[in-house]
Amino acid sequence: MISLSAIETLLACCFVLVAGRVLTSRVGVLARYSIPDPVVGGILFAVLVFLLTDFSGVTVALEANIRPTLMLIFFGCVGLTANLKLLAAGGPRLIAFLLVLIPFVVLQNVIGLGMAWLLDLHPLMGLIAGSITLVGGHGTGAAYAGSFADVNNIQNIMTLAMTSATIGLVLGGLIGGPVAERLLKRHKLKGSLDRVDADLEGGNDVAGTADSNRQAPPDSSTYIVSLTAAFVCLAGGIALADMAQDWPVNIPNFLWCMLIGIVIRNLGGWLGLKLDDRATEMIGTLALSIFLGLTMMTLDVGSVLALAGPLAIILLVQAIFAAVYASLVVFRALKKDYEAAVISAAFCGFSMGATATAIANMQALVRRHGPAPESFIVVPVTGAFLVDIINVTVLTTFLSLPFVGGL
C-alpha cells in the first residue's frame, strides 16, 4: 500500500493540475469544449491508480482532509468579489434562473423514478439517482441514504448514494463546457476576449486601448491582504455556522463564509479597506482547483465499475436530460446572450454534481472567451443555498407519495 501524507498528496495534486492544463491546452477536443483542468487531470490520476491496483494489487491512500477548508476559502473569495450593484443588475436573471430550476428538479426525480421502474429497482433508487445526489451532492445523499438504510433496509444504499454523487459530479464537469460552446457557436455569441481576437485579426489597433486600461499587477502585499480577508471569512463562517446549528433552518457553513465576504466587499470601502479583485480571484481559483483536483483523484474507479450497472444507465439519461434542458430552457430563459451560455454550463455543473463543478465550468469558459460577471453572482447564490431549499421541498413531496415508500 502506498500512503501519501498531506504534503505528498498536495504535491500529487499539483502534478495532476499541471497534467490537466497540458492536456486541455494540447488535446483539441478538451480545449474546444472547455473541460476544466482539475476534472481532466483528476480522472486520469484515478484511472491510473485503478489500473495500478488492478494489475499489481498495490493501493494508494491519499490524505485529503484539507478539502473542506479549501471549499470554504473558495466561497469566501466568491463573496469578497461579489459586487452587490452587479447583483441588483442581475436580479431579473437570478429570478428567471430560479423559475426554470424548480421544474427541472421535479423532472429530474420523475426521470429517476421512471428509470427505476423500467430497470425493476426500488423507487427510492430513482430518487437516489435523482435530485438527492445530483442536485443535493454528497452531503444530501449521505443524509437521505442513512435514513433509507434504517427505515427501508436497502442494501449498500450509502455506497450507491456516494457513487451516484461522484459519477454525477464527473458528468457535470464533462457536459457543461460542450453545452456552452455549442450555444456560443450556434447563436454566434462572443465574450470580450473573442472580440479582442476578432479586432486583432481584422487589423484594428487595440494596443493603445489595452495600454490605457492596463493595471499594475498585484504585488505580495496585495495578495496578503486578500488572503487575510479570505481567512477572516473562513474563521467567521465556521464560528457563525456553529452558533446557528440549532436553528430551524440549516444554513451551510460555506454560505456563512460567502456572506461575510459579501459584507467585507461591499462595506469595507467605507472603512478604507479596498481589495484587489484579481488577487482575491486568484486565491479562490487556486483553492477551487486543488479542491476539485483532490475530489477527482479520490474517485474510486473500481467501486464505480462494480456498482455502476443500472445506476450508470440512470445517470447517463440524467446527464442527457440536463444538457438538453440547459440548452432549450435555461439558455432561452436567461436572455440568450453570452452570460446565459456561461450560466447554462454552470447549470450542468450543479444540476449533476456540485456548485464547485459549476464554478469550474464557468472558469474554463471565461478563461477562453472573457469575463461573465453576472454569472459569478447568480450561480453561487443559487447553488449555495436557494437550490437546497427547492430540492428539500420537492423531495419531501415525492417521499410522501405512497408508491415511493420513503420516510
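Visitor: What makes the contact of Asp 276 and Arg 278 a salt bridge?
Guide: A salt bridge is a side-chain nitrogen of Lys or Arg within 4 Å of a carboxyl oxygen of Asp or Glu. For Asp 276 and Arg 278 the N to O distance is 2.8 Å, so the pair meets the definition. This is a predicted model, in which local features need pLDDT of at least 70 and side-chain atom pairs count only at pLDDT 80 or more, while totals for chains, interfaces and linings use all residues. Residues are numbered from 1 along each chain as its sequence is written, and side-chain values use heavy atoms, with hydrogens and water left out.

Visitor: Why is Arg 278 called partly exposed?
Guide: Buried means under 20% relative accessible area, exposed over 50%, and partly exposed in between (1.4 Å probe, protein chains only). Arg 278 has 30% relative accessibility, and therefore counts as partly exposed.

Visitor: How many salt bridges does the whole structure hold?
Guide: A search finds 7. One of them joins Asp 337 to Arg 93, with the closest N and O atoms 3.1 Å apart. This pair links distant parts of the chain, 244 residues apart: Asp 337 is in the loop between α16 (309–333) and α17 (338–352), and Arg 93 is in helix α6 (residues 91–118). Helices are DSSP runs (H or I, at least four residues), as are strands (E, at least two), numbered from the N terminus.

Visitor: Are Asp 337 and Arg 93 buried or partly exposed?
Guide: Asp 337 has a relative accessible area of 23%, so it is partly exposed. Arg 93 has 4%, and is therefore buried.

Visitor: What distance is given for the salt bridge of Arg 368 and Glu 181?
Guide: The N to O distance is 3.2 Å. Arg 368 lies in helix α18 (residues 355–369) and Glu 181 in helix α9, 187 residues apart. Arg 368 is partly exposed because its relative accessible area is 38%, whereas Glu 181, at 9%, counts as buried.

Visitor: How many disulfides does the structure hold?
Guide: The structure holds 0 disulfides. Cys 14 is in none, the nearest cysteine sulfur, that of Cys 13, being 6.0 Å away.

Visitor: Why is Cys 348 called buried?
Guide: The relative accessible area of Cys 348 is 0%, so this residue is buried. Cys 14, at 41%, counts as partly exposed.

Note on methods
A disulfide is a pair of cysteine sulfur atoms within 2.5 Å.
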